[in-house]
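Trainee: I am new to this structure. Please take one part of it, look at it closely, and then show how it connects to its surroundings.

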Amino acid sequence: MTTHTIRLHNIAQVKDFVNQCSGCSFEITLSSGQAVINAKSIMGLFSIDLSAPIRVEVHGTDAQGE
């Protein structure tokens, strides 16, 4: 698992981020405060505070062949 911190500043960035995550076969979760959501869910992403940093946890790689 790898962890990153990101910020998404506008709707276009949110849409692009979700589209990129949706192309991955492994799980990606986002954390903001106590909320933990699926990074492939655009509705989930809009349910968290986008003005705060978002923690991204990637639970695999494309190299795994999943």
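Mentor: Let us begin with Ser32, which lies in strand S2. Strands here are DSSP runs of E with at least two residues, helices are runs of H or I with at least four residues, and both are numbered from the N terminus. The model is a predicted one, in which local features need pLDDT of at least 70, side-chain atom pairs count only at pLDDT 80 or more, and totals for chains, interfaces and linings use all residues. Residues are numbered from 1 along each chain as its sequence is written, and side-chain values use heavy atoms, with hydrogens and water left out.

Ser32 has a relative accessible area of 13% and is therefore buried. The term buried applies under 20% relative accessible area, exposed applies over 50%, and partly exposed covers the range in between, with a 1.4 Å probe and protein chains only. Setting aside residues up to four places away in sequence, Ser32 touches Ile48, Asp49, Ala52 and Pro53; contact means heavy atoms within 4.5 Å. In S3, the residue opposite Ser32 is Ala35.

S2 and S3 run antiparallel and are joined by four bridges; two strands are said to pair if DSSP finds at least two bridges between them. The two strands form a hairpin with two residues between them, and Gly33 in the turn has a positive phi of about 65°.

Another residue of S2 deserves attention. Thr29 is also placed in strand S2, and its relative accessible area of 10% makes Thr29 buried. Apart from neighbours within four places in sequence, Thr29 is in contact with Val36, Ile37, Ala39, Arg55, Val56, Glu57 and His59. The side chains of Thr29 and His59 are joined by a polar contact of 3.3 Å. A polar contact is a pair of N or O atoms within 3.5 Å; within protein, one atom must be able to donate a hydrogen and the other to accept it, and residues adjacent in sequence count only if both atoms are side-chain atoms.

On to the pairing of S2 with S4: four bridges join these strands, which run antiparallel. Within S4, Glu57 is the bridge partner of Thr29, while Val58 is the bridge partner of Ile28. Four of the five residues of S4 are buried, so this strand is largely enclosed by the rest of the structure.

Arg55 lies in strand S4, and its relative accessibility of 40% counts as partly exposed. The side chain of Arg55 makes a polar contact of 3.1 Å with the side chain of Glu57. With residues up to four places away in sequence not counted, Arg55 touches Thr3, His4, Thr29, Leu30 and Ser31. Arg55 and His9 are 46 residues apart along the chain, and their C-alpha atoms are separated by 15 Å.

S4 also pairs with S1, in the antiparallel sense and over five bridges. In this pairing, Arg55 of S4 is the bridge partner of Thr5. Thr5 has its place in strand S1 and counts as exposed at 61% relative accessibility. Leaving aside neighbours within four places in sequence, Thr5 is in contact with Pro53 and Ile54.

The strands can now be put in order. Four strands form an open sheet, ordered S1-S4-S2-S3, with antiparallel pairing. S1 and strand S3 (35-38) are the edge strands, each of which pairs on one side only. Neighbouring strands are turned by 25° against each other on average, direction ignored. Strands of a sheet pair through backbone hydrogen bonds, either parallel or antiparallel.

Finally, helix H1 belongs in the picture. H1 (residues 11-22) has 12 residues and reaches 16 Å from its first C-alpha to its last, close to the 16 Å expected at 1.5 Å a residue; the expected span is 1.5 Å times one less than the number of residues. Val14, Phe17, Val18 and Cys21 are buried in H1. Viewed down the axis of H1, these buried residues fall within an arc of 95°, so they line one face of the helix; the arc is that of the directions from the helix axis to the C-beta atoms. The buried residues of H1 pack against several elements, including strand S2 (28-32) and strand S4 (54-58). At the start of H1, a side-chain oxygen of Asn10 comes to within 3.1 Å of the backbone nitrogen of Ala12.

Definitions and conventions: Axes fitted to C-alpha atoms, helices over the stretch in contact; angles between N-to-C directions.
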